[in-house]
Amino acid sequence: MRQKDVDPKDRIILPLDVSSAQEAQKLVDKLTGHVGMFKIGLELIYSIMASLLVEENADAIGALRFFRNLMKSISGAHEFLDTKLADIPNTVGKASLAVSSMGVKFFNVHASAGLKAIEAAVANRGLSQVLGVTVLTSIGEEECRDSIFGDVPGKKVLYFAKMLKKAGASGIICSPQELVLLRENHELDDLLIVTPGVRPEWASTDDQKRVMTPGEAIKAGADYLVIGRPITKPPESVGSPVDAAKRIADEIQAALS
Ligand code: C5P
């Protein structure tokens, strides 16, 4: 069942895919109020960690303070820590304990880590919600079939969705192309659906393969859309990142009404 009463712009999750807390803060300052949530992922986490450890960083404490302020500025209901945990259940469980102690709204686990690993994350979720990454949107059909997934994306995403539901996860991350299949399975109705791989018609697809436009994804049943480069690096004809976010929110609004 789609989450109701969510403002169209609040359905946009902006990934802070940059390599410093300073760049991330600039995006947060620019786009707060124009998107609903900010996602902190592997690029930013490891870049900050690396910058703190290099010997030339004379002011590591200052840099840590800056990072803490960044986290505060996106805290509360607006934080998605894209942890992409994929490990044995004990490790996933312990990492989840640390992550949930930060009070983020969402964090995630690769569903391919298995039922027990997802259960371990759910057991230690605290007040956070656990989402399951299924098949990355950068993986095409052939690669999905030939890799450890061993089948076409649709079938694997449905399999993972049922596993996530069984483990008590709050939601699923998949391509918008799999949404029709998920929405046909009403026992999965209470899973929140978050879709990356979203590209407005005016944007380049970059490395994403299984994509849809924001309007199509919303019509197909997505609750939240993760949209990065089309907003942070919009084509000149669209204007600034704020213009791009507004255009996408309008498209979401039109699809909902
Ligand atoms: O710039 P773009 O819109 O492609 O950014 C997509 C974001 O969503 C990235 O931060 C990426 O890590 C994340 N993501 C994804 N596909 C998944 C899960 C997460 O692209 N299946």
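Select Asp206 to start, and you will find this residue in the loop between S7 and helix H9 (214-219), where helices (H or I, at least four residues) and strands (E, at least two) are DSSP runs, numbered from the N terminus. Phi of Asp206 is near 55 degrees, a positive value in a residue other than glycine. At 38% relative accessibility, Asp206 counts as partly exposed, a class that lies between buried, under 20% relative accessible area, and exposed, over 50% (1.4 Å probe, protein chains only).

Before going on, note that this is a predicted model, in which local features need pLDDT of at least 70 and side-chain atom pairs count only at pLDDT 80 or more, while totals for chains, interfaces and linings use all residues. Residues are numbered from 1 along each chain as its sequence is written, and side-chain values use heavy atoms, with hydrogens and water left out.

Next, select Lys84, which sits in strand S3 and has a positive phi of about 40 degrees although it is not a glycine. With a relative accessibility of 27%, Lys84 counts as partly exposed.

Then move to Thr195 in strand S7 (residues 192-195). Is Thr195 buried or exposed? Thr195 is buried, with a relative accessible area of 0%. If you display its surroundings and set aside residues up to four places away in sequence, Thr195 touches Cys174, Ser175, Pro176, Leu179, Ala217, Ala222, Tyr224, Leu225 and Val226, where contact means heavy atoms within 4.5 Å.

**The pair H2 and H3**

Select H2 and H3 together: they pack at an angle of about 160 degrees, with their axes 9 Å apart. Axes here are lines fitted to C-alpha atoms, for helices over the stretch in contact, and angles run from 0 to 180 degrees between N-to-C directions. H2 and H3 are therefore roughly antiparallel to each other, given that angles under 35 degrees count as roughly parallel, over 145 as roughly antiparallel, 65 to 115 as roughly perpendicular and the rest as oblique. To see the contact, show Leu44, Ile48 and Leu52 on H2, and Ala60, Ala63, Leu64, Phe67 and Leu70 on H3. These residues divide into 8 nonpolar, no polar and no charged, with Ala, Val, Leu, Ile, Met, Phe, Trp, Tyr, Cys and Pro counted as nonpolar, Asp, Glu, Lys and Arg as charged, and the others, Gly among them, as polar.

Staying with helix H3 (residues 60-73), its 14 residues reach 20 Å from the first C-alpha to the last, close to the 20 Å expected at 1.5 Å a residue, the expected span being 1.5 Å times one less than the number of residues. Gly62, Leu70 and Met71 are buried in H3, and the buried residues of this helix pack against helix H1 (21-31), strand S2 (37-40), helix H2 (42-53) and strand S3 (79-85).

**H7 and its surroundings**

Now select H7, which has 15 residues and reaches 21 Å from its first C-alpha to its last, close to the 21 Å expected at 1.5 Å a residue. Its buried residues, among them Pro153, Gly154, Lys156 and Val157, pack against H5, strand S5 (129-133), H6, S6 and helix H8 (179-184).

The contact is made by Leu115, Ile118, Glu119 and Val122 of H5 with Met163, Leu164, Lys166 and Ala167 of H7; by class, it has 6 nonpolar, no polar and 2 charged residues.

Step to Phe149, in the loop between helix H6 (141-146) and H7, which is buried with a relative accessible area of 14%. Leaving aside neighbours within four places in sequence, Phe149 is in contact with Ser112, Thr134, Val135, Ile139, Cys144, Lys156 and Phe160.

Just after H7, select Gly168, which takes a positive phi of about 85 degrees. In the loop between H7 and strand S6 (171-173) you will then find Ser170, buried with a relative accessible area of 19%.

Finish at Glu178, in the loop between S6 and H8, which is buried with a relative accessible area of 5%. Which residues does Glu178 contact, leaving aside its neighbours within four places in sequence? They are Pro153, Gly154, Val157 and Arg210. A distance drawn from Glu178 to Lys156, C-alpha to C-alpha, comes to 9.9 Å, for residues that are 22 apart in sequence.
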